[in-house]
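Here is a short note to read with the model open beside you. Take the points one at a time and find each residue as you go.

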Amino acid sequence: MQNPQVLAALQERLDNVSHTPSSYIETLPKAVKRRINALKQLQVRCAHIEAKFYEEVHDLERKYAALYQPLFDKRREFITGDVEPTDAESEWHSENEEEEKLAGDMKNKVVIAEKEEAAAEELNPKGIPEFWFTIFRNVDMLSELVQEYDEPILKHLQDIKVKFSDPGQPMSFVLEFHFEPNDYFTNPVLTKTYKMKSEPDKADPFSFEGPEIVDCDGCTIDWKKGKNVTVKTIKKKQKHKGRGTVRTITKQVPNESFFNFFSPLKASGDGESLDEDSEFTLASDFEIGHFFRERIVPRAVLYFTGEAIEDDDNFEEGEEGEEEELEGDEEGEDEDDAEINPKKEPSQPAECKQQ
């Protein structure tokens, strides 16, 4: 490679090919390709180390989930009204505290007599009514799943918990939906288990980007008679081929409902590929499970008040603004550069990728 003539010949070959990564690699000498293969082996080893890193992260999540749980248990007690927060626990300083205090003082002076009379009649609902149902309404990803006939059932939802798999068990997490006694089903808890994988794929090790949800299992809902909102009854007329008589039969068919969430589509495990619609449904399910685990359960009060939703909207706007700025900087790139740096499609979070 020190020979100037060899270098000149190599440069000429490079100048005569289109500037894409694959075409460039093809032009390299055999000895260089051999070294690149050695780098790929190192990359695979890095991926396996990264997988171990994520396994330890999962162990840390399990450890800290145990520390969070007493706070989440107290949250449930406040929501259901089983426990009333103390004055110290309910004290909160808002950004507009001084203005609110001044306005409150003025109002007290003007209408103190009316407030005393109203206080005697004022209803004091137990806990925080419809706390989780309000979160479902506030979050677009969830509200899209909820039908009108689901709403009365979701008003009985008292808590959502995340349980991580035990040490030594395959990586997974369980979403637990706790309901108070109701007129719709007898289950006190509905569960959804998400199975995860945190190891490089043998066929494509370079695609590894962390733990991925690869499958999920729901649970059987013990519906009370006539209360199953996941099916509907339709009437259908049938004509007898020989006699020509007509009869009316009734049959149950699937019905759109949030509670279909607990009867998920199964990921294909027998080598057969899913159709495009099924793949989309499964990927959406994984994304929803990930969102419950990472956002809804840890920050429930902020999704109830809408503050977390405003933060999410601001973050998305920032991403779009940055993208526009980058596109502006790239203006004037030629077609060859565009081939070398193709625009990537938006990807899901690592945990939500389908295998």
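This is a predicted model: local features need pLDDT of at least 70, side-chain atom pairs count only at pLDDT 80 or more; totals for chains, interfaces and linings use all residues.

1. Residues are numbered from 1 along each chain as its sequence is written, and side-chain values use heavy atoms, with hydrogens and water left out.

2. Start with pLDDT, the predictor's confidence in each residue, from 0 to 100. The protein has a mean pLDDT of 81, and 74% of its residues reach 70 or more. Helices here are DSSP runs (H or I, at least four residues), numbered from the N terminus.

3. Now look at Leu67, which lies in helix α3 (residues 30–80). Is Leu67 buried or exposed? Leu67 is exposed, because its relative accessible area is 53%; buried means under 20%, exposed over 50% and partly exposed in between (1.4 Å probe, protein chains only).

4. Finally, visit Gly127, in the loop between α4 (97–121) and α5 (131–138). Gly127 is partly exposed, with a relative accessible area of 28%. Its C-alpha atom is separated by 4.7 Å from that of Ile79, 48 residues apart along the chain. Leaving aside neighbours within four places in sequence, Gly127 is in contact (heavy atoms within 4.5 Å) with Phe78, Ile79, Thr80 and Gly81.

Definitions and conventions:
Helices (H or I, at least four residues) and strands (E, at least two) are DSSP runs, numbered from the N terminus.
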